[in-house]
Amino acid sequence: MFCKLIQSIRCALPSTCIVCGQAADRDHSICNDCGYELPKLGDCCRRCGIELNGGLSKRSCCTSCQLSPPSFDFCTAVFPYDSPIDKLIADYKFSARFDIGYSLSRVLASKFNTYYIGMAKPELLLPVPLHKSRLGSRGFNQASEMCNVLSKYCGVSISNSVLTKIRNTEPQASMSSAAARKANLRKAFAVSRLDDLEGVTHIALIDDVVTTMATTEAISRMLLEKQDCRIDVWCLARTL
Ligand SMILES: [Zn+2]
Ligand SMILES: [Zn+2]
């Protein structure tokens, strides 16, 4: 409720660019100059979305995905996790800058709609959940707010109750190895409200940043145990 109030107050203010603070004429508040200057992703692995660093042709798979493909169908981001996107996302999450979350989510929605032209869109958006203690201290789930924008502009339903985080884990960024990151997430998530998955064959899993894929992989595996479906992962930023 409080978050919605802040959001409506911010949305009522004159539009300023979320990057440079100057007046923005676009309704989603990134001025043309900054839109042009924001970091862009180059050729990426078609499965995990990691940027390919030469030697591999466009739309091919990275070595890691060739050896051991993830359980989700693909992962794609709008931006590389680079300046100023890293700071913008931190301000969105930790300072409740809903104007930033909204603007970045609009860019995500645009890429999402373009990607599925001529194809069936996912039938359901699932935000990566926060543990209730994290949700309580932050006041909102950044991925759920992103889903609200995607749902409005892409016409796809959301369920906030299929996925829950049942164990409060240490931040994945603080883990020193892939094994530690995997162990940190063991039994951290659960799938509930199976009714919401009835008849669903294509899911979009939504997160703000995808780093090691440990979270998206853990959730995708768990979903696939419950439901035979295709899972596409969409995020604002992918680490390089
Ligand atoms: Zn600007
Ligand atoms: Zn890959």
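Just after helix 4, Ala96 adopts a positive phi of about 50°. Helices (H or I, at least four residues) and strands (E, at least two) are DSSP runs numbered from the N terminus. This is a predicted model: local features need pLDDT of at least 70, side-chain atom pairs count only at pLDDT 80 or more, and totals for chains, interfaces and linings use all residues. Residues are numbered from 1 along each chain as its sequence is written, with chains lettered from A and ligands numbered from 1 in the order written.

**Helix 4**
- Its buried residues are Ile85, Leu88, Ile89 and Tyr92 (buried: 20 or more other C-beta atoms within 10 Å of its own; exposed: 12 or fewer; partly exposed in between; C-beta atoms placed from the backbone).
- They sit on the same side of helix 4 because they cover an arc of only 95° around the axis, taken from the directions from axis to C-beta atoms.
- Exposed Lys87 and Phe94 lie on the face turned away from the buried side.
- Strand 1, helix 5 and helix 7 are among the elements covering the buried residues.

**Nonpolar core**
- The largest core has 53 residues (buried Ala, Val, Leu, Ile, Met, Phe, Trp, Tyr and Cys joined through C-beta atoms within 7 Å).
- Leu108, Leu125, Leu150, Leu205, Ile206 and Leu236 touch the most other members.
- Contributors of at least two residues each include helix 4 (85-94), helix 5 (98-115) and strand 7 (230-238).

**Ala143**
- Ala143 lies in helix 7.
- Ala143 counts as buried because it has 26 C-beta neighbours inside 10 Å.
- Beyond four places in sequence, Ala143 contacts Pro127, Val128, Ile206, Asp207 and Asp208 (contact: backbone-placed C-beta atoms within 7 Å).

Key. Contact = placed C-beta atoms within 7 Å.
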